[in-house]
Amino acid sequence: MNTLEYQVALERKNATYAIITVVDTEGSSPYTIGKKMIIDSLGDSYGTVGGGALESQIKDDALASIQEGKSILKHYTHTPDYVEEGLGCRFKASVFIEVYR
């Protein structure tokens, strides 16, 4: 199954969901422009936009957007919480959360 097939399946069930798309990045980021993820109102998702703690935050924000029924553009700054020098990556990422009802 691919992203489009997953979206079609949600449409057939008349589900409420959001498509999350990475629209901008800055720095050394696992998030790349154009990556997509779909999340439904129950929190089930397909795909990834980059993983990690930031993706969890993005999913939470997408669920809030679904509840509000509003699409949003969100900007994030990731700073690792490791104390060891050189571990983790610092970056910025912007995602468009597009809600479908």
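Reader: Is Asn-14 buried or exposed?

Author: Happy to start there, and please keep in mind that this is a predicted model. Asn-14 lies in the loop between α1 and β1. Its relative accessible area is 69%, and the cut-off for exposed is over 50%. Asn-14 is therefore exposed.

Reader: What is the phi of Asn-14?

Author: Asn-14 is a residue other than glycine, yet its phi is positive. The value is near 55 degrees.

Reader: Thanks! In what order do the elements of the protein run?

Author: There are two helices and five strands in the protein. Read from the N terminus on, they run α-β-β-β-α-β-β.

Reader: How does the radius of gyration of the protein agree with that of a compact globule?

Author: The C-alpha trace spans about 50 × 30 × 20 Å along its principal axes. For 101 residues, a compact globule would have a radius of gyration near 13 Å. The protein agrees with this, at 14 Å.

Reader: How many aromatic pairs does the structure hold, and what kind of pair do Tyr-6 and Tyr-46 form?

Author: The structure holds three aromatic pairs. In the pair of Tyr-6 and Tyr-46, the ring centres are 5.1 Å apart and the planes stand at 20 degrees. Planes under 30 degrees apart count as stacked, so this pair is stacked.

Reader: Which parts does the pair of Tyr-6 and Tyr-46 tie together?

Author: Tyr-6 lies in helix α1, residues 3-12. Tyr-46 lies in strand β3, residues 45-47. The pair therefore ties together parts that are 40 residues apart in sequence, namely α1 and β3.

Reader: Are Tyr-6 and Tyr-46 buried or partly exposed?

Author: Buried means under 20% relative accessible area. Tyr-6, at 16%, counts as buried. Tyr-46 has 25% relative accessibility, so Tyr-46 counts as partly exposed.

Reader: And how far apart in sequence are the parts that Tyr-31 and Phe-91 tie together?

Author: Tyr-31 and Phe-91 form a tilted aromatic pair, with 5.4 Å from centre to centre and 35 degrees between the planes. Tyr-31 lies in the loop between β1 (17-27) and β2 (36-40), whereas Phe-91 belongs to strand β5 (residues 91-100). Both Tyr-31 and Phe-91 are buried. The parts that this pair ties together are 60 residues apart in sequence.

Reader: Which element supplies the largest share of the largest nonpolar core?

Author: This core has 17 residues, and those touching the most other members are Ile-20, Tyr-31, Val-49, Ile-58, Val-95 and Ile-97. At least two residues each come from β1, β2, α2 and β5. The largest share is five residues, and the element supplying it is β5.

Reader: Which residues does Ile-58 touch?

Author: Ile-58 is among the buried residues of α2. Leaving aside residues up to four places away in sequence, the residues that Ile-58 touches are Ile-20, Tyr-31, Val-49, Tyr-76, Val-95 and Ile-97.

Reader: How many residues does the second core have?

Author: The second core is separate, and Leu-10, Tyr-17, Ile-19 and Ile-38 are among its members. In total, this core has six residues.

Reader: What span does α2 reach from its first C-alpha to its last?

Author: α2 has 17 residues. At 1.5 Å a residue, the expected span is 24 Å. The span in the model is close to that, at 25 Å.

Reader: Where around the axis of α2 do its buried residues lie?

Author: The buried residues of α2 are Leu-54, Glu-55, Ile-58, Asp-61, Ala-62, Ser-65 and Ile-66. They cover an arc of only 145 degrees around the axis, which means that they lie on the same side of α2.

Reader: What covers those buried residues of α2, and which exposed residues are on the face turned away?

Author: The cover over the buried residues includes β1, β2, β4 (72-78) and β5. The face turned away from the buried side carries the exposed residues Ala-53 and Gln-67.

Reader: Last one: which residues does Thr-77 touch?

Author: Thr-77 has its place in strand β4 and counts as exposed, at 55% relative accessibility. Its C-alpha atom is separated by 9.3 Å from that of Glu-26, 51 residues apart along the chain. Not counting residues up to four places away in sequence, Thr-77 touches Phe-91 and Lys-92.

Technical notes:
Residues numbered from 1 in each chain as written. Predicted model: local features only at pLDDT ≥ 70, side-chain atom pairs only at ≥ 80, totals over all residues. Heavy atoms only, no water. Phe/Tyr/Trp six-rings, centres within 6.5 Å; stacked < 30°, edge-to-face > 60°. Helix = DSSP H or I, 4+ residues; strand = E, 2+ residues; numbered from the N terminus. Buried < 20%, exposed > 50% of the residue type's maximum accessible area, 1.4 Å probe, protein only. Core = buried A, V, L, I, M, F, W, Y, C linked by side-chain atoms within 4.5 Å. Contact = heavy atoms within 4.5 Å. Expected span 1.5 Å × (residues − 1). Arc of directions from axis to C-beta. Rg over C-alpha atoms; globule rule 2.2 N^0.38 Å.
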